[in-house]
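Let's sit down together and read a model one feature at a time. Bring your questions, and we will take each in turn.

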Amino acid sequence: MFGCCKKKKTNKSLDELKKDIVIDDHEIPLDALLKRYSSSETAGISEAEAATRLKTDGPNALTPPKQTSKWVKLAGSIFGGFNFLLWCAAVASAVGYGMDLSMSVDEEVPKDNMYMAIILASVVTVTGFFDFYQDRKSGNLMDSFANMIPPKTLVVRDGTTKEIEVKDLVVGDLVRFRGGDRVPADLRVTLARGLKVDNSSLTGESEPQTRNTNFTSKNPLETKNLCLFSTSVLEGSGEGIIIRTGDRTVVGRIAALTTQVDSGPTPLAKEINHFIKIISVVAFTVGVAFFVLAVVYEYPLLKAIVFFMGIVVANVPEGIVPTVTVSLTLTAVKMRKKFCLVKKLQAVETLGSTSTICSDKTGTLTQNRMTVTHLWFDGHIKDAELLPPNEHFHGEKRYLEIDSYQKLLRCATLCS
């Protein structure tokens, strides 16, 4: 008898992903947990059971998002947005030059339209490549999650300890880990020896977190008897029963949210799209009006069409794309030097339009240290003497002889 497994659904409901994690694996007694997953605290599960669960649940890995072909991205960078209007202008200029050639017999045809078509096509192509290069250099966000996953881990099956690939782990497996390892899945701690983990990647908590077998909080992110997928083990060692794997883990939910949520167009993109519509309507309206006038005044039809195309091209601001692209690229380069990676060029302008920034704890926008920069005494604000971390002060201190400064130091010391 042959069995078939259904393909895992990769597109989860965003509403479901945004909800709080609701599990009770950390609340119930350990005996009940072992019974739920048909596992043992000393022997784990059997190889046959592990193979069955692996077919049912799939590998312990994060599902990568749908990738857009690089050729599609390149085409979007070259022909998308305002570039499409410029391509239309380039084609119109080329067609206009061709019509001038067909109408002329012995007269020399002006090459302005030909030069305009070549310049427009070249500028749009170069700026499109700039945009594509920036997008490719920023890389895929999912790669950063993939790097957080450990390659191998120690697992106990049928009472025997062995090293296997992390992707082959299943719910109910008994795993062993120690300082320097990464937690291979969401697991319930069954044994801990001075165990501490780093949860900063998930909770923003910069201090090492103690882990043991005690249930301390209903919140899975806060309780001490759970270790979460991809977090680092800083000290000690431990064992645990796996309760969630792959996309069902906490970091899997975060990865799914990150790759599925669409941020929508940036303010700059909205302005450019609005501008494209206005320019297109104005250009074609004026062009059609002059084309009708040319026909009314009995100009040759080909000449009226060339007149129409010339009016359309004249109303398109050819310099806007290279100007915007170069400005955003230079800003992105400056931000990269300050260790700020820009995924899309248009996102550079978004930072300037931001009124509120929601951030997590220390270490994201700050340097994880508090420094006094100014002092207020004797009714005046004075610059403090800054001392870099782990260094000694050299030179003569400025305010030592001032009585008010000594009182300020005393107050600060007593209040610290």
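Q: Where do I begin, and how many helices and strands does the chain have?
A: Begin by keeping in mind that this is a predicted model. The chain's secondary structure comes to 14 helices and 9 strands. Of its 416 residues, 32% are buried. The chain exposes about 26,200 Å², with carbon and sulfur atoms supplying 59% of that area. As for contacts between residues at least 6 apart in sequence, 68% join residues at least 24 apart.

Q: How do I read a helix, and what span should helix H5 have?
A: The general idea first: an α-helix has 3.6 residues a turn, so residues three or four places apart point the same way. Now to the case here. H5 covers residues 82-103, and its 22 residues should span 32 Å at 1.5 Å a residue; the end C-alpha atoms are 32 Å apart, which agrees.

Q: Which residues of H5 are buried?
A: Among them are Phe82, Leu85, Leu86, Ala89, Ala90, Ser93, Gly96, Tyr97 and Asp100.

Q: Which residues does UniProt list under "transmembrane region"?
A: An unreviewed UniProt entry gives residues 74-95, 115-133, 278-299 and 305-333. In the model, residues 74-95 are 91% helix and 0% strand, with end C-alpha atoms 26 Å apart. Residues 115-133 are 100% helix and 0% strand, and their end C-alpha atoms lie 27 Å apart.

Q: Let's turn to strands. In which sense do E8 and E9 pair?
A: Strand E8 (residues 374-377) pairs with strand E9 (residues 380-383) in the antiparallel sense, over 4 bridges. Tryptophan 376, for instance, has isoleucine 381 in E9 as its bridge partner. The two strands form a hairpin with 2 residues between them, and aspartate 378 in the turn has a positive phi of about 60 degrees.

Q: How do I read aromatic pairs, and how many does the structure hold?
A: A pair of aromatic rings is described by the distance of the centres and the angle of the planes. This structure holds 4 such pairs. In one of them, phenylalanine 377 and tyrosine 405 have ring centres 5.8 Å apart and planes at 55 degrees, so the pair is tilted. Phenylalanine 377 lies in strand E8 and tyrosine 405 in helix H14, so the pair ties together parts 28 residues apart in sequence.

Q: Are phenylalanine 377 and tyrosine 405 buried or exposed?
A: Phenylalanine 377 is buried, at 5% relative accessible area, and tyrosine 405 also counts as buried, at 11% relative accessibility. Together with Tyr399, Phe377 and Tyr405 form one aromatic cluster.

How values were computed
Residues are numbered from 1 along each chain as its sequence is written. This is a predicted model: local features need pLDDT of at least 70, side-chain atom pairs count only at pLDDT 80 or more; totals for chains, interfaces and linings use all residues. Side-chain values use heavy atoms; hydrogens and water are left out. The expected span of a helix is 1.5 Å times one less than its number of residues. Buried means under 20% relative accessible area, exposed over 50%, partly exposed in between (1.4 Å probe, protein chains only). Contact means heavy atoms within 4.5 Å. Accessible areas come from the Shrake-Rupley method with a 1.4 Å probe; for residues, only the protein chains shown count as cover. Two strands pair if DSSP finds at least two bridges between them. Rings of Phe, Tyr and Trp (its six-membered ring) pair if their centres lie within 6.5 Å; planes under 30 degrees apart count as stacked, over 60 as edge-to-face and the rest as tilted. UniProt positions are given in the numbering used here, feature names are shortened, and annotations may be inferred rather than shown by experiment.
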